[in-house]
Amino acid sequence: MRKQALHCLYGTVSLFMTVATMSFYGNIWFERIFPQLVPVNEKLTQFRGFISALGEEFEVMLHLENGNLQLQGSWRLQQLLKPCQEAVVQSLKQSSSLSVFLLELRDLLEKQLKQTKLRREILLPTPQYYSTLLSHIAQCGWDRVEYVDPDLSTLHLRAKDEDGRLHILQLQLPKEYPQKPPVCLADLPEEFMFKWFPTSSLHDILEQFQTRLCFFQDFWMCMDEIDSSCWVLEPEKSWRKDYKRRLVLTTNGSVQISVNPQCHRRIPECQFLGAEKVIGPFRDNFNCNLEKWDVNSTILTNLKLVLDVEFPSPCSSSKKDYIVECGICYSFRMNDALPDKPCNNSHCSQLFHVECLIAWLRSVSTTTQSFSTLFGECPYCNMPITCKVS
């Protein structure tokens, strides 16, 4: 007897069984149909063993007491019978004997096994799919494979650019591959577009991906220079697809730049964040010095020039010196948002999370609202402060 933990399938199902029912176990016909199902007590009220269906064996345990029959089975049995639970219960109620119930149970198992096999055959790709895919992977080189799932429907390929940066190309393969193209996801600052024909292969996609990596070499070089030379507030962890950076200018002041990857050496969009007395001079410098922007220089070099600033550097300062907590919740990051709503009182300049400030203003009875703007008082200095409600 196999030692396998049995779990209750449906609990107890009431069924009136006469004494004649149990006598079927002694029948030769019963023993021939269910030779692996044997009693475990002298009263013949408990049976344990296996029921065979389409070449598979399922462990069951039957307990008959006071006319009530309890059925327990392995996890595999539970999963197969779950869609036909009502049929099992109905069979328990209507069967005239234990033998009849077990025969009906076996019929249900065979029916479920056939349906499961049919669904699997419908869902699985053809053998040609696997042989073609394996040959295409070998063409790329198995050393280029970062990850592959057990059913060979998801594949991650690695590629290195000219500067040795590692990039991962994620592929979701349809079962009609290669007649239908894979779905691709790449860590690029734009959607990865590729050409595909029924005769194409993974090697063709990898070559197109490698070509696209070459296009962004200078863009990534400029962004890497910023990441290594400045304190970046956002994103907290940058990816190759990210084209935005929020950089520390000074305490309570930062600038968020949005770089166009297609023409990254041109002037980026800049948004200055902080109290007006802090960021005002930087904005003025930016507007006055735009003509000094040189597309032959890197983004960081140009930003230093037009803003007339030396960005705080990880080499000479600590990031915590420029992290200002929200004046309400006393945390720096909340739901991935930074405290970037300032009090414009030059003697205060306290920063708040927008979400915190909205909640605070709405809790104060003197706050008024006009359209989408709240008008109230700063929690710190009691001077007028406004906040837009999204």
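Strand 8 (166-172), strand 9 (183-186) and helix 8 (217-229) each contribute at least two residues to the lining of the largest pocket, where helices (H or I, at least four residues) and strands (E, at least two) are DSSP runs numbered from the N terminus. The model is predicted, so that local features need pLDDT of at least 70 and side-chain atom pairs count only at pLDDT 80 or more, while totals for chains, interfaces and linings use all residues. Residues are numbered from 1 along each chain as its sequence is written, and side-chain values use heavy atoms, with hydrogens and water left out.

The largest pocket has a volume of about 450 Å³, and of the 24 residues that line it, Ala 186, Asp 187, Leu 188, Arg 240 and Lys 241 are the closest to its centre. On a 1 Å grid over the protein atoms alone, a pocket is an open set of points where a 1.4 Å probe fits, with protein on both sides within 12 Å along at least five of seven lines, and lining residues have an atom within 4 Å of a point; grid points are joined across faces, edges and corners, and the volume is the space filled by probe spheres set on them. The lining divides into twelve nonpolar, three polar and nine charged residues (Ala, Val, Leu, Ile, Met, Phe, Trp, Tyr, Cys and Pro count as nonpolar, Asp, Glu, Lys and Arg as charged, and the others, Gly among them, as polar).

Helix 8 also lies across strand 10, strand 11 and strand 12, running at about 35 degrees to strand 11; contact here means heavy atoms within 4.5 Å, and angles, from 0 to 180 degrees, are taken between N-to-C directions of axes fitted to C-alpha atoms, for helices over the stretch in contact. Four strands form an open antiparallel sheet in the order 10-11-12-13, two strands being paired if DSSP finds at least two bridges between them. Its edge strands are strand 10 (232-234) and strand 13 (269-274), each pairing on one side only.

A further open antiparallel sheet has the order 16-17-18, and strand 16 (368-370) and strand 18 each have a single partner strand, so one side of each is left without a neighbour in the sheet. Strand 17 and strand 18 pair over five bridges, and Leu 374 stands opposite Cys 387 in strand 18. Helix 11 lies across strand 17 and strand 18, at about 115 degrees to strand 18.
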